[in-house]
Amino acid sequence: MPAEPRTLAPPERRIAEVKRVERIGAYDLIVARDPIGPADPRPGQFYMLAAGERWGGGGDERPYLPRAFSFARIRPLPGGQGADLSFLLEDVGPGTRRLGELDAGEPLALLGPLGVGFTRPGDGRRPLLVGGGIGAAPILCWDDELRAEGIEAPVLLGFRSAGHAEAAALFAGTPDVSTDDGSAGRRALVTEPLRAELEQDPHATVYACGPEPMLDAVRDLCADLGVPAQLALEAGMACGYGACFGCVVATVDGYARVCVDGPVFAAEQLA
Amino acid sequence: MSDMAIDLCGVPLRGPILNGSGTFDAIAARRAFGDALLERFPFDCFVSKTITRDPRQGNPSPRLWETAGGMVNSIGLPNKGLERFLDLDLPELAALPVPLCVSVMGFSHDELAALVEAIGTLDAIALIELNLSCPNVETGTLVGADPAETAAAVERVRPLTAKPLIVKLTPSATDPAAVAAAAEGAGADAVSLINTLKGMPLHPVTREPWLGGRTGGLSGAAVRVVAVEQVAAVAARVEIPVIGMGGVASGRDAADLLAVGATAVAVGTENFRDPAAGRRISAELAAIVPANASQRVKQHQAS
């Protein structure tokens, strides 16, 4: 067994400085300088984020708890400690709204990296990367890391529409894009090009992150074709480090906590 | 020892800050943070998740709901069960740099007695907390809500261990102070409160209960003043130490509970927002209470 792909986090919430917030179509990309944390989080690991100031008092007088986000990109700072971390987010509630309102120079409270990330393919299999919507985030940093080692994996992305599909431009290569409404790329679910890729060459390991129905479809397809898959799950969390037991997912061994046992799970582990 | 040190039922603690049961998993946290967690351990005494005799999976998802100034959880006491707790978890918890309190719940007196008997002489365990927020399967009464039920449960397990027994009170009791007095009369060494307040969030569209367990427990800043009132009422009624908790997020919040009679203070939901909350609160409290933790500090809410 290879070592668990888990970079340890400092055991406290710390303050990063927002460098910039870029509008990427329907998404915001927050770039924050974390001077303290490790420079080598594993793709698929995540951070708990909160605005360093005025966290609360939004819709329903929320947010109260931090929010979990996969890092989307990392640029280590010179000296081996600290990094500029990018997070992709969409305004879906009071937490993401407040985070999207942050300006350069403002404090971002973060904890992480947390959870376990992706592991390399075994048996000489080729990596095949699949992202749906905001689930493109961990696929982006995984693609960056593979490319840095000279591995150009196919990247298949699915989005609702062209506005969301603008996130595809963040990738170094040219991802394959599908949209629900056909306003960018082909009009299809991302599992269509995935099926075509796997039928052409099934000697692959699939890495996927996206909404639950997409992950279910990826899982079913990979199971049908006998292809191993690693799925990065999303779950509502209070803490992110195993304290609250709020984020469980059903596995073949019973409930597992997405935050400490995942968020990346081997597809066959899920019940 | 620092001047924040206290004695809790004969157990010396380096300070007065504990965690609420079920709000910090030291084993999972060590996986996330490594040995740095032990070097900078956030609490002066560690309280385990509640252990039951048999393993429990806990409630179906969703288990969480965020409220104004707090959250509702419906976790359902997932745990490995007594046997696997003793084999797998206790050795790791015994290695923590602070004394260990193990929380137990039984669905009958026999179950509770089996749990207390099994851990009641183990050197690794300094204190035992009895989680009585469960129904008596014979009568249907919430044990911890009723003075007579509480006394009966404590009387049953009191002879089984010489370790300090802490009774966790439920805020659902009509008169928590009467329950505390009954626990004291039956031989409890301390009481802890408040547990979460029962709540039922609804799905914003379907208006069906949101939580997989239908109802859950409210915690966080929203319950803080409830805790202050109940701790004050209980501390005025009993002689045994009171461990106060409920929405504690700062040294000032901890000082408030000490001011109304608590001997020690537990941090709960704030741990979810920052795993180092206990350390921060200790430092803030030390700045407020320079002499010793038992000093009463009078404060007024800034307007």
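**Ground rules.** I am working with a predicted model, in which local features need pLDDT of at least 70 and side-chain atom pairs count only at pLDDT 80 or more, while totals for chains, interfaces and linings use all residues. Residues are numbered from 1 along each chain as its sequence is written, and chains are lettered from A and ligands numbered from 1 in the order in which they are written.

**Strand β7 of chain B.** I took helices (H or I, at least four residues) and strands (E, at least two) as DSSP runs, numbered from the N terminus. A residue is buried if 20 or more other C-beta atoms lie within 10 Å of its own, exposed if 12 or fewer, and partly exposed in between, with C-beta atoms placed from the backbone. I found that five of the five residues of β7(B), residues 100–104, are buried, so the strand is largely enclosed by the rest of the structure. Both faces are covered, with B:L100, B:V102 and B:V104 on one side and B:C101 and B:S103 on the other.

I then looked up its partners, where two strands pair if DSSP finds at least two bridges between them. Strand β4(B), residues 46–47, runs parallel to β7(B) and is joined to it by two bridges, and B:V47 has B:C101 as its bridge partner. Strand β8(B), residues 127–131, is also parallel to β7(B), over four bridges, and here B:S103 stands opposite B:E129.

**Backbone.** Most residues other than glycine have a negative phi, and most peptide bonds are trans. I noted a cis bond between A:G112 and A:P113, with omega about 5 degrees, and A:P113 is found in strand β7 of chain A, residues 107–114. Another cis bond runs from B:S61 to B:P62, with omega near -5 degrees, and B:P62 sits in the loop between β4 and β5 (64–67) of chain B.

I also noted A:E61, whose phi is positive, near 60 degrees, and which lies in the loop between β3 (46–51) and β4 (67–70) of chain A. A:F245 has a positive phi of about 60 degrees too, in the loop between β13 (229–232) and β14 (248–251) of chain A. Buried or partly exposed, I asked of A:E61? A:E61 counts as partly exposed because it has 15 C-beta neighbours inside 10 Å, whereas A:F245, with 26, counts as buried.

**Core.** A nonpolar core is a set of buried Ala, Val, Leu, Ile, Met, Phe, Trp, Tyr and Cys residues joined through C-beta atoms within 7 Å. The largest has 183 residues, and A:V218 and B:V191 have the most contacts inside it. Helix α2 of chain A, residues 136–148, gives the largest share, seven residues. Domain 1 (14–114) and domain 2 (126–234) of chain A both contribute, so the core lies between them; these bounds come from an automatic or database domain assignment.

**Contact between the chains.** I counted two residues as in contact if their C-beta atoms, placed from the backbone, lie within 7 Å. The contact takes 33 residues from chain B and 28 residues from chain A. On the side of chain B that touches chain A, α1(B) gives the most, with five residues.
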